[in-house]
Amino acid sequence: MSFKNLQFNVEKIRPWLTLLAIAWLLASLGLGWLVNSLVIILGLLLFLPVVAFFGFRWWLAKNLITDQCPVCGYELTGINNSQVQCTNCGERLLVNNRQFQRFTPEGTIDVTAVEVQAQSLED
C-alpha cells in the first residue's frame with residue numbers, strides 16, 4: 001500500500017476522528033453532561049417533527065368533515081366546530097356534530113316551508 005492511498009483513506013475519516021476526539025476530550029474533562037445534552041437535543045430535533053407529523057394526521061382525520069351542503073347538496077369539506085362558506089351557492093355554514101348546518105345570526109328565525117295541498121271550495 002502506497003503512502004498516497006493511506007493519505008487518501010485518512011482524509012475520508014478525518015472529520016469523524018476529529019468529532020470523536022472532541023467528544024472524548026469533553027468527556028475526560030468532566031463535561032460529559034454537555035455531550036449528553038447535545039445528543040439529547042439532536043435526538044429531539046430528529047424525533048419531534050416525526051411525532052408532530054403523525055399527531056397532525058391523527059387530529060386531521062378526527063376533525064375533517066366531508067358532507068353535503070344542506071342548501072344545494074354540493075359536497076364540501078370542513079373542520080369540525082368551524083364556519084365555512086359553500087363554494088357552490090355561497091351559503092355560510094356551521095360545522096357541528098360532524099354535519100353542515102345553515103348559519104343563522106342570533107335573533108333570526110329560520111323557517112322551513114311545507115307544501116300544503118289546496119282543497120277546492122266545492123268539497
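Phenylalanine 56 and tryptophan 59 sit 3 residues apart in helix α2, so about one helical turn separates them. In this predicted model, their ring centres lie 6.1 Å apart with the planes at 25°, and the pair is therefore stacked, since planes under 30 degrees apart count as such.

The structure holds 2 aromatic pairs. Phenylalanine 53 and phenylalanine 54 form an edge-to-face pair, with 5.3 Å from centre to centre and 70° between the planes.

Another phenylalanine takes us to a nonpolar part of the surface. Phenylalanine 47 belongs to helix α2, which covers residues 32-63. Together with Ile40, Leu44, Leu48 and Val51, Phe47 makes a nonpolar surface patch of about 480 Å².

A last stop is asparagine 63, which also lies in helix α2. Is this asparagine 63 buried or exposed? Its relative accessibility is 15%, and asparagine 63 therefore counts as buried, the limit being under 20%. Leaving aside residues up to four places away in sequence, asparagine 63 touches Gly78, Ile79 and Asn80.

Terms used: Residues numbered from 1 in each chain as written. Predicted model: local features only at pLDDT ≥ 70, side-chain atom pairs only at ≥ 80, totals over all residues. Heavy atoms only, no water. Patch = residues over 30% accessible without salt bridge, like charges linked within 9 Å, V, L, I, M, F, W, Y side chains within 5 Å. Areas by Shrake-Rupley, 256 points an atom, 1.4 Å probe, with all protein chains shown as cover. Salt bridge = Lys/Arg side-chain N within 4 Å of Asp/Glu carboxyl O. Helix = DSSP H or I, 4+ residues; strand = E, 2+ residues; numbered from the N terminus. Phe/Tyr/Trp six-rings, centres within 6.5 Å; stacked < 30°, edge-to-face > 60°. Buried < 20%, exposed > 50% of the residue type's maximum accessible area, 1.4 Å probe, protein only. Contact = heavy atoms within 4.5 Å.
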